[in-house]
Structure formats: structure tokens, C-alpha cells
Amino acid sequence: MAILAPTSVSKDPLSLRTSSNSSSSDLQRISLNPPRIFGSKMKSGKIEQTPLRLLTASNNCSDLTAKASRKPLGLTEELKNNKLESVVETDDGSCLFEDMKRRFLSFKKHKYMENLEHYQNLAEGQAPKFMVISCADSRVCPSTILGFQPGEAFIVRNIANLVPSFESGPSETNAALEFSVNALEVENILVVGHSCCGGIRALMSMDDEVEKSSFIQNWVVVGRDARLWTKAAASKLSFDQQCKHCEKESINRSLLNLLTYPWIEEKVKNGILSVHGGYYDFVDCTFEKWTLDYKEDNLKEKHGRISVKNHLFWS
């Protein structure tokens with residue numbers, strides 16, 4: 001048995017990173033040659049714009065046929081080398097979905113059809129061994145990182161991979177917990193956190209008073225205890241280091257919150273269900289895993305630590 005606290009923080013502060021293509025609503029950009037939509041001439045100190053013919057993507061990504069309107073949709077003007085240049089964004093996302101179509105058909109040919117019996121069995125029902133709670137961050141896909149195949153894990157994703165307590169009331173997370181534990185009878189619950197988590201940064205940045213109009217703040221406040229323990233234990237560290245500390249501390253708090261659900265605690269106590277924490281660092285591609293070592297006195301927190309076993313580090 002071991003006692004787990006958030007591991008020591010890297011000396012290199014990790015700053016929050018965002019990805020321009022992390023949202024499904026982002027639009028595909030197509031550069032035109034020449035990319036200039038308006039010819040420009042200097043006249044009396046002003047730019048006189050001369051409309052030119054504009055090509056944009058239709059159903060076929062390579063079929064550029066549409067004319068521009070006076071105020072073309074999806075038009076982005078950029079200043080490059082002191083010249084006003086423009087790129088066209090496809091408003092219907094046709095190129096994105098053409099790529100998605102190719103990936104789906106590849107899956108069907110190389111996965112589905114080659115394992116047809118397995119997928120036909122899945123059509124009759126599911127019996128996953130794992131319930132996974134992970135972050136909605138586009139860089140953190142449990143099936144990709146941990147290799148879960150269809151039918152192996154029941155997964156719910158939310159901001160900052162938080163588990164609200166039983167007393168917090170209904171949410172999509174505890175609805176998924178109820179279904180996976182009581183109906184599917186999973187044998188393992190795995191809470192997966194990760195590096196550079198924007199949700200944890202929002203938690204660490206917020207004031208003590210929650211802004212009622214903010215959906216994000218009203219959700220991440222679930223991790224308030226992790227924030228308080230981090231502020232107390234890592235007050236001398238930089239803000240980035242505190243965020244990294246809280247990323248792991250929040251996982252432990254979620255494990256404790258799992259035990260506030262009577263039907264989860266009962267199964268853990270009887271050895272039917274195991275509760276695990278995991279931390280994926282995508283900066284250096286490492287994964288840390290630990291299992292809650294259940295004892296009734298674990299419910300009484302001691303110095304913000306929980307008892308764990310089978311603590312592993314994969315690199």
C-alpha cells in the first residue's frame with residue numbers, strides 16, 4: 001500500500017495550449033492562387049477595391065466554381081507583406097466531411113468488415129469492463145491513447161474530467177455512472193486527467209465567488225476542494241506549476257467523490273468494483289496509473305491524500 005499525493009511538479013512550467021483545429025466547428029481554409037480577392041489601388045490616400053472573381057469549394061473539394069457575392073461568407077482578410085490578402089473558408093465544411101467520409105469507409109473496410117462477427121455481437125448488446133471519465137479536450141481521446149476498442153469501455157467526457165459528489169444532484173456524469181455501474185456492471189472506473197488542462201486552469205483562475213452567468217465556472221467549481229488543497233500545498237510554486245499540481249489532485253478528489261455514491265461504495269467495499277486514477281502527459285507522452293486502496297477510513301481525508309496501490313508509470 002502506498003500513499004499518493006500529486007507527484008512533484010516539473011521544473012519546466014507547462015503553459016496552457018490551444019489548438020486551432022480542436023473544435024468541430026472550425027472551418028477548412030483553402031488558399032487561392034492568386035489569393036487576393038480584391039485588387040487594390042491607392043487613390044487620394046485610400047484603398048480603392050476592385051471586385052475580382054472568387055472561387056470557393058463546392059461539394060467536390062477540388063471543384064472551385066462559385067462566384068463571390070459582394071460580402072462573401074467565410075472570407076478572411078489578412079495583411080501580409082503590407083498587402084491585403086484573403087483566403088476562403090468553406091462554410092459547408094465539405095472538405096472536412098470528405099475527409100471524414102474517407103476515414104469512415106476505411107474503418108468499415110479494414111475494421112468492421114474484417115471483424116464482422118464481433119461487430120454483429122456488439123449490435124446485440126454491450127458488456128464493457130471499464131467505465132472511463134475523461135476530459136473533453138480534443139487532444140485527450142481515451143480510445144486512441146489507451147487503445148480501447150468498440151465494446152471495451154463506456155466513456156463519458158466532460159470539462160476537466162470531474163466527478164461531482166452524490167449530493168451535487170443530477171448531471172450527465174453521474175447518469176453515466178449509474179448506468180455503467182448498475183446496468184452494465186462494469187468492473188473498473190477509471191478517471192483520466194491530463195497535462196495543460198484548460199478546465200483546471202479555469203478552476204485555479206476563478207475567484208472564490210462563482211460567476212452565475214458562467215457555465216464553465218459553475219461546472220469546474222466541482223473541483224473546489226482540489227483547488228483549495230493545491231493553494232495550500234503549492235502556494236510557493238508558479239501558477240503554471242500549481243495548475244499541474246491541481247490536475248492530479250483533482251483526480252484524487254474525483255476518486256473520493258465516487259465513494260459518495262452508495263451503490264459505488266458498496267461494490268468497491270465488496271471487491272466487485274475497482275476505482276482507478278490516470279494521468280496522461282501529452283507533452284512527453286507518459287501515462288501514470290494508480291488504484292484506490294479502499295478502506296472505510298479512506299473516506300476521512302487525511303492531509304489531502306488517499307491510499308493507493310498498483311501505482312504504475314508508463315513512458
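Modeller: Cys196 has its closest cysteine sulfur in Cys197, 9.2 Å away, so the two sulfurs are too far apart for a bond. A disulfide here needs a pair of cysteine sulfur atoms within 2.5 Å. This is a predicted model, where local features need pLDDT of at least 70, side-chain atom pairs count only at pLDDT 80 or more, and totals for chains, interfaces and linings use all residues. Residues are numbered from 1 along each chain as its sequence is written, and side-chain values use heavy atoms, with hydrogens and water left out.

Colleague: How many disulfides does the structure hold?
Modeller: 0.

Colleague: Is Cys196 buried or exposed?
Modeller: Buried, at 4% relative accessible area. Buried means under 20%, exposed over 50%, partly exposed in between (1.4 Å probe, protein chains only). Cys95 is buried too, at 15%.

Colleague: What percentage of the protein's residues count as buried?
Modeller: 39% of the 315 residues.

Colleague: New topic. At what angle do α7 and α8 pack?
Modeller: About 135°, with the axes 8 Å apart. α7 is residues 224-233 and α8 is residues 239-258. That angle makes α7 oblique to α8. Angles under 35 degrees count as roughly parallel, over 145 as roughly antiparallel, 65 to 115 as roughly perpendicular, and the rest as oblique.

Colleague: Which residues make the contact?
Modeller: Among them are Trp229 and Lys231 of α7, and His245 and Arg253 of α8. Contact means heavy atoms within 4.5 Å.

Colleague: How many helices and strands in the protein?
Modeller: 9 helices and 12 strands. Both are DSSP runs: helices are H or I, at least four residues, and strands are E, at least two.

Technical notes
Axes are lines fitted to C-alpha atoms, for helices over the stretch in contact, and angles run from 0 to 180 degrees between N-to-C directions.
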